[in-house]
Amino acid sequence: MAAFIAKQMVGNQLSAVKDAAGGGDGGDDADDKEKAEEEERERQEAIREAEERRKEKHRRMEEEREKMRQDIRDKYNIKKKEEVVEQQMMPQEEPNPLMRKKKTPEELAAEAEQEELDDFTKLKNQIETQVNELKTQIEGKCVMQ
């Protein structure tokens, strides 16, 4: 895999040097572009295949490790911790806060307005309950004839 990529890189460098030196025929620009695109597709495919092989290798290694862990658990009568329960108890966080979706100014303004409404609504409700309590106290003390 690495040899294939290195070979392509050397080939690309040689063609770049050849073009810079004026050794190119100039008429094969379309062919060169097609060839370069094809090489790039092949390179991307090779990278993708290498990544798939790497992932499969790591998946197999993790399976082997889990089998060994289970053998140890069985040998010493240890119960496996439930990871699912722990994950449900913890709130879901984004993997990387730097990679989160950025909010638009409209979304930020809407959130700020919602927070203000929430604070305003809380204050309004609190004042209304205090007024109602005072009203009942006054009505209890005053007797209408």
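Student: In this predicted model, which residues gather in a patch of negative charge on the surface?

Tutor: The patch brings together Asp 29, Asp 31, Asp 32, Glu 34 and Glu 37.

Student: What makes the charge of these residues negative?

Tutor: Asp and Glu count as negative, and the patch consists of Asp 29, Asp 31, Asp 32, Glu 34 and Glu 37; therefore the patch is one of negative charge.

Student: Where is Asp 32 found?

Tutor: Asp 32 lies in helix H2, which covers residues 29-76.

Student: Why is Asp 32 called partly exposed?

Tutor: The relative accessibility of Asp 32 is 40%. Buried means under 20% and exposed means over 50%, with partly exposed in between; therefore Asp 32 counts as partly exposed.

Student: Why is Arg 73 called buried?

Tutor: Arg 73, which is also found in helix H2, has a relative accessibility of 13%. The cut-off for buried is under 20%, so Arg 73 counts as buried.

Student: How do you know that the side chains of Arg 73 and Glu 66 are joined by a polar contact?

Tutor: The contact between these two side chains is 3.2 Å. A polar contact requires a pair of N or O atoms within 3.5 Å, so the value of 3.2 Å meets that distance limit.

Student: What share of the chain do buried residues make up?

Tutor: Buried residues account for 3% of the 145 residues. The chain exposes about 13,900 Å², and carbon and sulfur atoms supply 56% of that area.

Student: How many helices and strands are there in the chain?

Tutor: The chain has four helices and zero strands, and its elements run α-α-α-α from the N terminus on.

Key:
Residues are numbered from 1 along each chain as its sequence is written. This is a predicted model: local features need pLDDT of at least 70, side-chain atom pairs count only at pLDDT 80 or more; totals for chains, interfaces and linings use all residues. Side-chain values use heavy atoms; hydrogens and water are left out. Patches are made of residues with over 30% relative accessible area and no salt bridge: like charges are joined within 9 Å, nonpolar side chains (Val, Leu, Ile, Met, Phe, Trp, Tyr) within 5 Å. Accessible areas come from the Shrake-Rupley method with a 1.4 Å probe; for residues, only the protein chains shown count as cover. A salt bridge is a side-chain nitrogen of Lys or Arg within 4 Å of a carboxyl oxygen of Asp or Glu. The place of a charge is taken as NZ of Lys, CZ of Arg, CG of Asp or CD of Glu. Helices (H or I, at least four residues) and strands (E, at least two) are DSSP runs, numbered from the N terminus. Buried means under 20% relative accessible area, exposed over 50%, partly exposed in between (1.4 Å probe, protein chains only). A polar contact is a pair of N or O atoms within 3.5 Å; within protein, one must be able to donate a hydrogen and the other to accept it, and residues adjacent in sequence count only if both atoms are side-chain atoms.
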